[in-house]
Amino acid sequence: MNTHLKPISRWVAAGLIMIGAGTLTSQALASTTEAGVEIKNEAKVDYEDALGNTYQAFSNEAVVKVAQIYAATLKDDFDDTAAAGQIKYIVHELMNNGNGPEDFTLSYAQNLPAGDSRGPDDIDAASITMYWDENGTGRPDNGEAALASGSVVTIPAGQTYYYILAVEVPSSAAVGDKIGVTLTAQAHEGTGAPVANAVEDIGANNDGADDTNGDLITITNDAVINVNKTANEIKGGTESSTGIDVDGDPNTDLAVNIINYSIVASNTGNTAATDVHMFDGIPDGTTLIPTSLSSPGLIAADGDTVVAAVANLTDESALGFDLDQDGGGLENGGEAVIAGGLDLNHDGDTSDSVVPGVYAIDSSLPSGATVSMNFSVWYSPNLVEGGSSIDNQAFICANLNGGAGDTDYVDDNECGSPIKPGPINTNPTPITSENTYGGTITDTGSNGPGTSGGGDDDGTDDGVQTVDNASAGSDVFFYNLITNTGNSTDTFNPSIANGPTNPYPAGTTFKFLDATGAGPLVDTNSDNIADTGAISPSTCVAAGVPATTIDGITVACNQTLVRVVVSLPASASGGPFEATTTATSVNDSTQTDSKIERLTSVTPPTVDISNTPFTPATMAAATNVDPVDVSDGVLDADGTPADDIATVFNDPALGTTVTAPLYIANKGGGQDSFTLAAEGSYDAGSNAWLTALPDGWVVKFIDMGIDTTGDGNADILGTGQQIFSTAQIPPNSVQFINAEITIPSDPLKALADSQQASVIDANGDGDLDYIISIKVTSANSGATDRKVEAIDVQSAKAIAITPPTGQNQVEPGGSVIYNHVLTNTGNTTETDIKLTSVDDNGFTHVIKIDTTGDGSPDTALTALCPPSSPNISVEGSDGTVQTIELTCLA
């Protein structure tokens, strides 16, 4: 079925308009967008900082208010005959082609307009009365009030109104008299008063001027055929209830509406009309119901041709007679050659070569007689755009003086006339097709997408758009396919509710973006809700409008693709999570549909610190480089993969600095900064890490840059300065840091055999080592990781005796005491110190040691020999009692 119906009112919102707030006056845009509509736009920009972190920023909302554009047409000049004393009903068409409601001043007057080429007229009408033909019957109906000349009427944007002039012919009128009437329609264009020449006169325009239609009625004794057409629509049917098969599919039950047409022709003249050809094309977008044909008043036995249906009303050869009585033979040239060119199916042109239709012939229509031609058509609202005008008009060609013995068709108002040719037209009978509204919102399922994310990872059309995994702190988006299932252009307001089951964690935010993610959805219809913009009706599919493809997803002409962007908090973990997105029709808020946005799992925020550079393989969130596992309550240093020590620094000297290269990998989904802390060892007794460094030890963290590309090189150079926390590290990037560990120069604070709390022998050489643990903690989520360094300080053996020499005077036979202090100035425990003395020139000596700790030697070494026990206890000056091994030399 070809459909060329004319939408009565179809407002298509313009696309993104990158201009500031103000009033839009472009006629090209405003003529298709309703006046006063605010077209809004909000831009999104993605950018990176110097560290490679990506950010999104949204502009302020630009608002463009569409200005009103004024345009209107008036159609047609009228030229017909009448008999004295009758009332002639003349229908004029006034259309508001602008984009907003318009006021018109309508007035009528005797006589043709000035400059009308058919003038002057001879007599005045007995009376003129104007009506609004609200129901399209071509006649004033009960309840339709007359409009006084000078009345102001308002016509909505895109609407056509029909106005009837009821012109009463004086009973005294003589044959050949001419009555002229002028209808003037002047638009106000927002001024509050008529504006001249603002309404274009289209069709027959005998005065060449705008704003006016001229009607000429010529008084005749010939037949005067007044023809009236009515249309009545019956809604609510279906294929099953009407027995009409719309689509050939037994599994569907599409809507079916029926329009009943009746054409009534009456001869109000004084002479019989002969060979009255009544014909009508089937309106575009509809289908004839063959069983509906009837033609009251036509009798085949009297030579009449009762109403019949034909496949092509323009093929006179197949008809077997000259339908339009133009004397040009039996033509088959389409609409263009029928009566000079008729739009038989009212699709807006005269170029169709095949037009199905109906016709009937009354061999003779006497004065005062009436005949009718009735037929019905159907259309499916599923296939015809809502709000379209299904127009129809019938035509009559006849020999208007055949009753007086004339046998030709060339007299005035006959279809073969070279001067004033017919046909006689009925009044238009516009039917506005039924509007239906509805919509769905679905997952893309097996329809994609490609590789850019957005689900649907389950590949199933189940009303759930599924993304398998996302990282904490990241943005994850879900495609939503919104389908307009109604037959009218519609806009849908999307909304989202967290849950109701498995809601996303607190701190999650939701936003709607367009299909490409280039910008957020904005409010296109001034209801203060961001929406999809106008979506074409479902009828566009039947009309053959092609689908498009976005990211591998097929999007039909009546669909639009939007993104729901879910911003996860940095602390998110676990899953699954669900939110419910609902699309609501703007035209009918009772029409809603919902679907689920499901995120199966969230990778928790992850940081990994190591002494080893990261590779693409080790950047996986599940991989922990240089792991520390004290879940067994033990800090291991066994050289196996379970070894908790990242690096052992062997034999650094007192007072030196060792450098531990650190690599901090942000394996979370968003940028993050991490605090840096240097701490002590793990205490198995309390199952806790000791936060204090060994006394006198210093650790500095030096910024060495960030690798954002994964090639192992710092593409963002470091400052070389001490830092206490990292910069914002982009996701999947690595911060390079040098940990400078300075060993005290005081040997008591850097013993070769460490006495640090909870210390271990990290390298298995028999002495204990110093443990420095380095901890990183996320500023956003608290995610943390730790690595452990061990330092085995180089042995520095050293003792000192002070003073090294002594000098004093003594009398012969006397004695003198020399006090010396023996000190271990190294960082090792000394186990073999020999004390000896040599006498000279007859001197003798006794070596005493301080065994009480009061600073005075009190016991001779010889008194301790031979020892009763090899070990003796000696109290040092600091009060510490130590056990030493005493060996007496011979």
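Biologist: Which residue stands opposite L106 in strand 15?
Modeller: In this predicted model, L106 stands opposite A185 of strand 15.

Biologist: How do you know that strand 10 and strand 15 pair?
Modeller: Two strands pair if there are at least two bridges between them. Strand 10 (residues 102-110) and strand 15 are joined by 7 bridges, so they count as paired. The two run antiparallel.

Biologist: What joins strand 15 to strand 17?
Modeller: 7 bridges, with the strands antiparallel. Strand 17 covers residues 212-219.

Biologist: Why is strand 15 called mostly covered?
Modeller: Buried means under 20% relative accessible area. In strand 15 (residues 178-187), 8 of the 10 residues are buried.

Biologist: What makes D79 and K420 a salt bridge?
Modeller: The cut-off is 4 Å between a side-chain nitrogen of Lys or Arg and a carboxyl oxygen of Asp or Glu. The closest N and O atoms of D79 and K420 are 2.8 Å apart, so the pair qualifies.

Biologist: Which parts of the chain does the pair of D79 and K420 tie together?
Modeller: D79 lies in strand 8 (residues 78-82), and K420 in the loop between strand 26 and strand 27. The pair therefore ties together parts that are 341 residues apart in sequence. D79 and K420 also belong to a salt-bridge network with D77, D116 and R118.

Biologist: Is K420 buried or exposed?
Modeller: Buried, because its relative accessible area is 19% and the cut-off is under 20%. D79 has 28% relative accessibility, so D79 counts as partly exposed.

Biologist: How do you know that K749 and D695 form a salt bridge?
Modeller: Their closest N and O atoms are 3.7 Å apart, and the rule asks for within 4 Å. K749 sits in the loop between strand 48 and strand 49, D695 in the loop between strand 45 and strand 46, so the pair ties together parts 54 residues apart in sequence.

Biologist: Why is D695 called exposed?
Modeller: Its relative accessible area is 54%, and exposed means over 50%. K749 has 31%, so K749 is partly exposed.

Biologist: What about E789 and K787: buried or exposed?
Modeller: E789 is buried because its relative accessibility is 0%. K787 is also at 0%, so K787 counts as buried. Their side chains meet in a salt bridge, at 1.8 Å from N to O.

Biologist: How many salt bridges does the rule give?
Modeller: The count is 13.

Biologist: Now the whole chain. What is its secondary structure?
Modeller: The chain has 4 helices and 56 strands.

Biologist: Why is the chain called more spread out than a compact globule?
Modeller: Because its radius of gyration is 51 Å, well over the 29 Å from the globule rule for 890 residues. The C-alpha trace spans about 185 × 55 × 45 Å along its principal axes.

Terms used: Residues numbered from 1 in each chain as written. Predicted model: local features only at pLDDT ≥ 70, side-chain atom pairs only at ≥ 80, totals over all residues. Heavy atoms only, no water. Buried < 20%, exposed > 50% of the residue type's maximum accessible area, 1.4 Å probe, protein only. Rg over C-alpha atoms; globule rule 2.2 N^0.38 Å.
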